[in-house]
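Below is a short note for a colleague who has not seen this structure before. The points are meant to be read with the model open alongside.

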Amino acid sequence: MAAWNRRPPRLAPKGAPLDSFHAILFYASSAVAVGAGLAAALVPGRGRRGLAVAGLGIGLAGLYASLSAGFVALVALLSLLAMAALLASPAYRRL
């Protein structure tokens, strides 16, 4: 039987480098996504709302890319950019 130790076991080996670049990319992308989502909900005008939805697509694609889900990032980016283009177009009917 192993000796009892008061200290909890380490999750990473001692001296393991933190991946700060990916953490910064993740938090920056999430800030862009949250800010653009709030802007899409609150700004007046179709053009600005379309830009906000495009920013949401970029932020969400960055989140997926930082999680190593490249195909999902590409699909989310393309679908949200298409939605932004449809939303900002003059042919979009007003409710």
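1. A term is needed before the first feature. A surface patch is made of residues with over 30% relative accessible area and no salt bridge, and nonpolar side chains are joined within 5 Å. On that basis, Val34, Leu38 and Leu42 make a nonpolar surface patch of about 330 Å². Leu38, one of the three residues named, sits in helix H1, which covers residues 20-42. Leu38 counts as exposed because its relative accessibility is 52% and the cut-off for exposed is over 50%.

2. The model is a predicted one. The chain contains 3 helices and 0 strands, and read from the N terminus its elements run α-α-α. The chain has 95 residues, of which 22% count as buried. Its accessible surface comes to about 7,400 Å², and carbon and sulfur atoms account for 70% of that area. If contacts in the chain are limited to residues at least 6 apart in sequence, 57% of them join residues at least 24 apart.

3. Helix H1 has 23 residues. From its first C-alpha to its last, H1 reaches 33 Å, close to the 33 Å expected at 1.5 Å a residue. The buried residues in H1 are Ser29, Ser30, Ala33, Ala36 and Ala40. Against which helix do the buried residues of H1 pack? They pack against H2.

4. Ser29 gives a detailed view of a buried position in helix H1. Its relative accessible area is 8%, so Ser29 counts as buried, the limit being under 20%. Leaving aside residues up to four places away in sequence, Ser29 touches Gly59, Gly62 and Leu63. Gly59, Gly62 and Leu63 are themselves among the buried residues of H2.

5. The structure holds 1 aromatic pair. Phe26 and Tyr27 form this pair, which is edge-to-face, with 5.6 Å centre to centre and 75° between the planes. The angle puts the pair in the edge-to-face class because that class takes planes over 60 degrees apart. Are the two partners buried or exposed? Phe26 is partly exposed, with a relative accessible area of 29%, whereas Tyr27 counts as exposed at 57%.

6. Helix H2 has 21 residues, and the distance from its first C-alpha to its last is 30 Å, close to the 30 Å expected at 1.5 Å a residue. The buried residues of H2 are Gly50, Ala52, Val53, Ala54, Gly55, Gly57, Gly59, Ala61, Gly62, Leu63 and Ser66. They pack against both H1 and H3.

7. Which residue with a positive phi follows H2? The residue is Ser68, with a phi near 65°. Ser68 lies in the loop between helix H2 (46-66) and helix H3 (70-88). A positive value in a residue other than glycine deserves a remark because most residues other than glycine have a negative phi. Ser68 is exposed, as its relative accessible area is 69%.

Notes:
Residues are numbered from 1 along each chain as its sequence is written. This is a predicted model: local features need pLDDT of at least 70, side-chain atom pairs count only at pLDDT 80 or more; totals for chains, interfaces and linings use all residues. Side-chain values use heavy atoms; hydrogens and water are left out. Patches are made of residues with over 30% relative accessible area and no salt bridge: like charges are joined within 9 Å, nonpolar side chains (Val, Leu, Ile, Met, Phe, Trp, Tyr) within 5 Å. Accessible areas come from the Shrake-Rupley method with a 1.4 Å probe; for residues, only the protein chains shown count as cover. A salt bridge is a side-chain nitrogen of Lys or Arg within 4 Å of a carboxyl oxygen of Asp or Glu. Helices (H or I, at least four residues) and strands (E, at least two) are DSSP runs, numbered from the N terminus. Buried means under 20% relative accessible area, exposed over 50%, partly exposed in between (1.4 Å probe, protein chains only). The expected span of a helix is 1.5 Å times one less than its number of residues. Contact means heavy atoms within 4.5 Å. Rings of Phe, Tyr and Trp (its six-membered ring) pair if their centres lie within 6.5 Å; planes under 30 degrees apart count as stacked, over 60 as edge-to-face and the rest as tilted.
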